[in-house]
Amino acid sequence: MNIRYKKKRLRVNLFISIAWGVLVILTLFFSSKIQWFDYTYFVIFILYLAQYIYENKKQYLTIENGTISKNLLFQTKKMNLNQITQVKKFAGDYILKSKLEELTINTQIIDEDSIADLDAVLSHLDLPADRTPFARPIDINI
């Protein structure tokens with residue numbers, strides 16, 4: 001299961017990479033002498049384009065085979081779902097904690113439909129009520 005980025009984020013990254021590409025082309029055609037720093041425009045263009053392609057293909061999170069993976073351009077953070085000992089919700093983000101590591105999930109960049117999928121997965125973790133924001137309060141009638 002993929003937890004997808006918001007489409008707006010992907011479109012903005014594509015627009016920024018196109019803008020850098022146009023700057024590279026304009027620099028090549030209208031500059032009489034190419035300086036060393038003109039190559040930085042090309043590097044920035046390549047990095048933004050690579051980020052767009054990677055994020056569009058991989059998406060933000062991948063949940064499969066009992067692991068949750070946060071897909072970033074230059075690294076991937078993984079955590080086994082059965083090793084999660086606590087789920088915290090702080091400032092809209094989810095913080096997944098295990099005994100050895102911590103994984104922060106930014107929910108502001110996740111598509112609304114995917115947030116529901118993520119909530120469903122996290123709510124099915126076998127955690128005590130005080131260690132998850134998904135615990136349902138016990139209704140006590142006195």
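This short talk covers one threonine and some aromatic rings in the structure above.

First, the ground rules. This is a predicted model, where local features need pLDDT of at least 70, side-chain atom pairs count only at pLDDT 80 or more, and totals for chains, interfaces and linings use all residues. Residues are numbered from 1 along each chain as its sequence is written, and side-chain values use heavy atoms, with hydrogens and water left out.

Start with Thr 76. Thr 76 sits in strand S4, residues 76-80. Helices (H or I, at least four residues) and strands (E, at least two) are DSSP runs, numbered from the N terminus. Buried means under 20%, exposed over 50%, partly exposed in between, with a 1.4 Å probe and protein chains only. Leaving aside residues up to four places away in sequence, Thr 76 touches Tyr 54, Ser 69, Lys 70 and Asn 71. Contact here means heavy atoms within 4.5 Å.

Now the rings. Rings of Phe, Tyr and Trp (its six-membered ring) pair if their centres lie within 6.5 Å; planes under 30 degrees apart are stacked, over 60 edge-to-face, the rest tilted. How many aromatic pairs does this rule give? Three. One of them is Tyr 5 with Tyr 60: tilted, 5.3 Å centre to centre, 50 degrees between the planes. This pair links distant parts of the chain, 55 residues apart. Both Tyr 5 and Tyr 60 are buried.

Next, Phe 42 and Phe 45. Their ring centres are 6.4 Å apart and their planes at 45 degrees, so this pair is tilted too. They are three residues apart in helix H2, so about one helical turn separates them. Phe 42 is partly exposed, at 43%.
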